[in-house]
Amino acid sequence: MTKISSLPADDTTCGWYHLSKGRPVSPAHRGNTSARWVIVGAGFTGLATARQLAEHFPDEQIVLIEAQEVGFGTSGRNAGFVIDLPHDIGAPDYIGDINIAKTTMKLNLTGKNYLKALVEQFDIDCQLKHCGKYQAAVENRGIAVLDAYRSGLDKLDQPYQMIEGSELPDHIGTHFYRKALFTPGTSLVQPSALVKGLADTLPKNVTLYENTPITEVEYGQKTLLKHAHGSIIADKLILANNAFGMSFGFLKGRMLPVFTYASLTHPMSQDEQARLGGKAYWGVIPADPFGTTVRRTPDNRLLIRNSFSFNPDGRSNPKYLERFVKRHRASFERRFPMLPGLQFAYTWGGALALSRNHEGYFGELRANVYGALGCNGLGVTRGTATGKLMADWLAGERSELIDFVLGAAGPCANPPAPLVNVGVNLNLKWGQFRAGQEG
């Protein structure tokens with residue numbers, strides 16, 4: 001019997017969650033249940049797996065377990081970029097091997113197009129906008145990144161527009177940036193609203209249990225999952241809980257639970273909208289990976305997202321919120337001096353399941369236990385795609401994309417705990433310092 005050493009515990013201040021439409025929360029599991037298919041984790045990956053399994057096996061019951069509420073955890077806390085393009089930060093041109101890049105793009109597009117179709121089919125109210133994204137820079141290092149990425153996009157034969165700083169205010173209002181690379185294929189979304197909508201439109205043969213944290217697990221020919229009020233026996237178990245997969249006994253010391261933090265303003269008044277100018281909604285990601293992500297939402301709020309912390313247990317720590325909201329304010333004031341009175345309404349943190357080699361895991365973890373784990377910051381598209389492919393693979397299908405994710409190296413091993421803790425924290429601090437004005 002494996003005791004689960006760490007359970008999700010996110011802060012209660014996520015703006016996306018509170019601003020998205022309320023929904024009837026599915027009851028927690030009670031008693032004893034057996035099912036052929038059991039999925040742990042009802043984020044983008046788990047929801048896609050459950051939906052696709054239900055399509056493949058319409059006469060079988062699919063059980064989906066979520067430790068918290070749907071839309072409250074990691075999948076509802078990201079910046080809301082549904083990204084299509086590959087972005088290999090380890091490659092000089094951010095594209096790297098062209099064949100891998102092309103397949104990676106197919107994988108991303110699989111997730112993006114699947115979500116788009118579901119939003120349209122079920123009329124999910126999640127502010128989905130197909131408006132592209134800006135990757136912007138102010139430091140010389142950031143400008144070099146944009147130039148390198150442009151050459152990679154040429155190699156990949158993907159469209160883009162390089163926009164000089166003097167033209168950027170017509171797009172995003174602020175005069176802060178020196179240059180931006182616009183790519184049209186990214187969509188923007190209210191992530192918590194999307195996750196809630198996906199959960200509320202699951203096929204009838206999927207049973208969702210929320211607020212059901214698993215506390216013990218026993219592996220064998222079948223898997224016994226225990227919680228405070230009962231147990232669930234799974235013929236086949238799929239883990240879609242990212243870094244918490246380590247608590248279930250798999251990939252230990254191979255994933256890094258790194259939190260990043262965001263603040264969302266109150267809605268802008270008509271006067272503030274006029275002072276800002278630019279387009280009605282847009283999204284900016286930083287040229288430097290340790291820089292600041294910025295969004296203007298369709299309901300006229302501004303999002304600032306930066307700062308990182310390494311939380312080895314995968315749980316929120318309130319001390320970081322108090323520390324980083326000051327950094328958010330400084331970043332906001334550098335970019336939007338024309339909006340001195342616009343205050344933050346929400347500040348929150350959300351976890352990323354990172355690995356040092358930027359690889360996730362897809363495949364069999366042990367007999368009758370499978371995992372799609374470690375999205376490395378691409379949970380919306382990559383999590384959705386790998387969740388869907390997991391169900392297809394378990395149903396007996398094979399394809400180029402299934403072979404691609406099955407053949408991936410998987411997360412590499414980390415140094416022992418004391419060393420990795422020091423190393424990750426130093427790397428985060430150095431990266432944020434080196435980002436300079438990009439932060």
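Strand β13 (residues 256–265) runs antiparallel to β16, and the two pair over 7 bridges. Pairing here requires at least two DSSP bridges between two strands. Strands are DSSP runs of E with at least two residues, helices are runs of H or I with at least four, and both are numbered from the N terminus. The model is predicted: local features need pLDDT of at least 70, side-chain atom pairs count only at pLDDT 80 or more, and totals for chains, interfaces and linings use all residues. Residues are numbered from 1 along each chain as its sequence is written, and side-chain values use heavy atoms, without hydrogens or water.

The hairpin of β15 and β16 has 5 residues between the strands. Asn300 in this hairpin takes a positive phi near 65°. Strand β16 (residues 302–310) is mostly covered, with 9 of its 9 residues buried. Buried means under 20% relative accessible area, exposed over 50%, and partly exposed in between (1.4 Å probe, protein chains only).

Now the charged surface. Lys319, Arg323, Arg327 and Lys429 form a positive patch. Patch residues have over 30% relative accessible area and no salt bridge, with like charges joined within 9 Å and nonpolar side chains (Val, Leu, Ile, Met, Phe, Trp, Tyr) within 5 Å. A salt bridge puts a side-chain nitrogen of Lys or Arg within 4 Å of a carboxyl oxygen of Asp or Glu. Helix α8 (residues 318–335) gives the most to the patch, 3 residues. Lys429 lies in helix α11 (residues 417–434). Lys429 counts as exposed because its relative accessibility is 61%.

Definitions and conventions:
Areas by Shrake-Rupley, 256 points an atom, 1.4 Å probe, with all protein chains shown as cover. Lys, Arg positive; Asp, Glu negative; His and termini not counted. Charge placed at Lys NZ, Arg CZ, Asp CG, Glu CD.
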